[in-house]
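Here is a short note for someone opening this entry without having seen it before. Please look through the chain once, then read the points in order.

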Amino acid sequence: MSRGPLPSELCLLSSLPSRKIDDKVRFLGCVTAYSTITACITLGHLYPRGTNVAVTVNVELLLETLASEATRTGEWVNVIGYVKGVVGREAAAVQALMVWPAGPMDIQQYEAALDNVQGGGGGGAERSL
């Protein structure tokens, strides 16, 4: 029996609406909006093609340490947190435990790597970290 925290599960942003409440997840997304009033970042990633999922990430617990670039529109960020709500198949809410900038990356190469992991299917590359 492990006494440490549960591992997060690496998943696609587009799969978050199908997650259970309180699942611990890790995902990558692009900042589309940041509200200083609600301390929420809205993230998106139009992958696989045809998806349009928006994820609202509450960063209230991280305000003292959150890097400003993690809230900039267009910035790609990594998130570890708990799923706190879902709305249909198009939206989810996550309470962030950690948020950090992804840094320079080739998003097409990232998506190609996901395709390889998924066998070219474009849906469901998930694993525990």
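The points below cover strand pairing, the core, backbone geometry and salt bridges.

1. The model is predicted, and local features are taken up where pLDDT is at least 70. Side-chain atom pairs count only at pLDDT 80 or more.

2. Strand β2 pairs with β1, with β3 and with β5, and the pairings can be taken in turn. β1, residues 9–10, runs parallel to β2 and is joined to β2 by two bridges. L10 has R26 as its bridge partner in β2.

3. The pairing of β2 with β5 is antiparallel and has seven bridges. Within this part of the fold, C30 stands opposite W76 of β5. β2 is also antiparallel to β3, over five bridges, and there A33 has T42 of β3 as its bridge partner.

4. Which residues have the most contacts inside the largest nonpolar core? They are F27, V57 and V99, in a core of 23 residues. At least two core residues come from each of β2 (24–35), β3 (40–44), β4 (54–58), β5 (76–87) and β6 (91–101). β6 gives the largest share, four residues.

5. V57 shows how residues from separate stretches of the chain come together. Neighbours within four places in sequence aside, V57 is in contact with F27, A39, C40, I41, L43, V79, V94, A96 and V99.

6. Some backbone values deserve a look. Most residues other than glycine have a negative phi, and most peptide bonds are trans. A39 has a positive phi, near 55°. A39 is in the loop between β2 and β3, and the hairpin of these two strands has four residues between them. Is A39 buried or exposed? The relative accessible area of A39 is 4%, so A39 counts as buried.

7. D22 also has a positive phi, near 75°. D22 sits in the loop between β1 and β2. Because its relative accessibility is 44%, D22 is classed as partly exposed.

8. P48 belongs to the loop between β3 and β4.

9. Side chains of opposite charge can pair when their charged atoms come close. How many salt bridges does the model have? The count is three. One of them joins E9 and R19, at 3.5 Å from N to O. E9 is in strand β1 and R19 in the loop between β1 and β2, ten residues apart. E9 is partly exposed at a relative accessible area of 26%, whereas R19 is buried at 12%.

10. D22 returns here as a salt-bridge partner of K84, with the closest N and O atoms 2.5 Å apart. This pair links distant parts of the chain, since K84 is in strand β5 and D22 in the loop between β1 and β2, 62 residues apart. K84 is partly exposed, at 45% relative accessibility, and D22 is partly exposed at 44%.

11. E75 and R72 form another salt bridge, in which the closest N and O atoms are 3.6 Å apart. R72 has a relative accessible area of 48% and so counts as partly exposed.

Note on methods. Residues are numbered from 1 along each chain as its sequence is written. Side-chain values use heavy atoms; hydrogens and water are left out. A nonpolar core is a set of buried Ala, Val, Leu, Ile, Met, Phe, Trp, Tyr and Cys residues joined through side-chain atoms within 4.5 Å. Buried means under 20% relative accessible area, exposed over 50%, partly exposed in between (1.4 Å probe, protein chains only). Contact means heavy atoms within 4.5 Å. Two strands pair if DSSP finds at least two bridges between them. A salt bridge is a side-chain nitrogen of Lys or Arg within 4 Å of a carboxyl oxygen of Asp or Glu.
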